[in-house]
Amino acid sequence: MTQRVALVTGVSRRIGIGAAVARTLAADGWRLLLSGLPEFDEAQPYGGDPDGVAALLGELGDAASYQRADLLDPAAPAALVGEAVRRHGRLDAVVAVHAYSTHTSLGALDAAEIDRHLLVNVRATLLLAEAFAAAFTAGSDGRLVLFSSGQRLGPMPGELAYAASKAAVENLTVQLAPLLMPTGITVNCVNPGPTDTGYAPPEVHEAVARLFPGGRWGSPQDAARLVRFLCSPDAGWITGQVIDSEGGFRRHV
C-alpha cells in the first residue's frame, strides 16, 4: 500500500491539538508536513513552547518535516500544499487545525483585528482547500478536515471575530463537500469543544471542568482520535458534517 501523506497546520506547542494529530497520524504510518507560526503562541498570555517544534520532530523522526507559515500571506496555503507534494510526491489529506484567536468584544472592536481573523481562519482555509483539490491525484480517499469551536451552539461574547470566522469555517464544510466529493475528497469539520491545551488560568480551568458531565476537559488526543477516524477508509462515506465531539459539554446551565 502506498504510504499516505498529510499536511497538518496549526502545529507549534507540544500540548496542542495539532501536535496530537501529528503523533496519531504518524503512528498510523502517515508521512507528514507540519506547519505553524510559533511566534503567535509566544505572544499570547499562555505562552509558547520554545522547544516544541524541534522536540516534536524528534519524537516523529523521519515521518515528519516542518514548514513555518504565516497564513496571513495569501500565497502561503498553495505554497504549503506544493511543498508537501514536492517532498513526498503526493498529498492525501489536509488537517487544518490552525486558528487565529484574540479577545474581540462589542464596544472595543478593531477593523484590522476582525480582518486578521477572517483572513487566517476563513480565507486561508478556503485557499488550502482549493490548492489541495488541484494537487490531489489519488482519485479516492482524500480527506479535508477542518476545525471549529461550536459557535452555532452558544455565544462567545468576548471573541466575536473568532466566533464569526469559525462559524464561516463550519459553513465552508457544507459548501465544499459536494464540490470535492466527485474528486475523491471528503470534507468534514471537528468541533472538539473546550480542549485542555494549557491556555486557561486555573480558576477558568476549574469552572469549565464542572460543565462537563465527566468532570474533565477534552484532551488534544480526544480530537486526534476523531481526526484519525475521519482520515481512515472507514470514513469514506462521511462528508459535509460538523461533528461535535464535546463529551456532553453543557453550554447552558
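Reply: The side chains of R68 and E39 meet in a salt bridge, 2.7 Å from N to O. The model is predicted: local features need pLDDT of at least 70, side-chain atom pairs count only at pLDDT 80 or more, and totals for chains, interfaces and linings use all residues. Residues are numbered from 1 along each chain as its sequence is written, and side-chain values use heavy atoms, with hydrogens and water left out.

Me: Why is the contact of R68 and E39 called a salt bridge?

Reply: The term requires a side-chain nitrogen of Lys or Arg within 4 Å of a carboxyl oxygen of Asp or Glu. The N to O value for R68 and E39 is 2.7 Å, so the pair qualifies.

Me: What makes E83 buried, whereas R87 is partly exposed?

Reply: Buried means under 20% relative accessible area, exposed over 50%, and partly exposed in between (1.4 Å probe, protein chains only). E83 has 15% and is therefore buried; R87, at 32%, counts as partly exposed. R87 also forms a salt bridge with E83, the closest N and O atoms being 2.6 Å apart.

Me: Why are α5 and α6 called roughly parallel?

Reply: Angles under 35 degrees count as roughly parallel, over 145 as roughly antiparallel, 65 to 115 as roughly perpendicular and the rest as oblique. Helix α5 (residues 111-135) and α6 pack at about 15°, their axes 9 Å apart; α5 and α6 are therefore roughly parallel to each other.

Conventions. Axes fitted to C-alpha atoms, helices over the stretch in contact; angles between N-to-C directions. Helix = DSSP H or I, 4+ residues; strand = E, 2+ residues; numbered from the N terminus.
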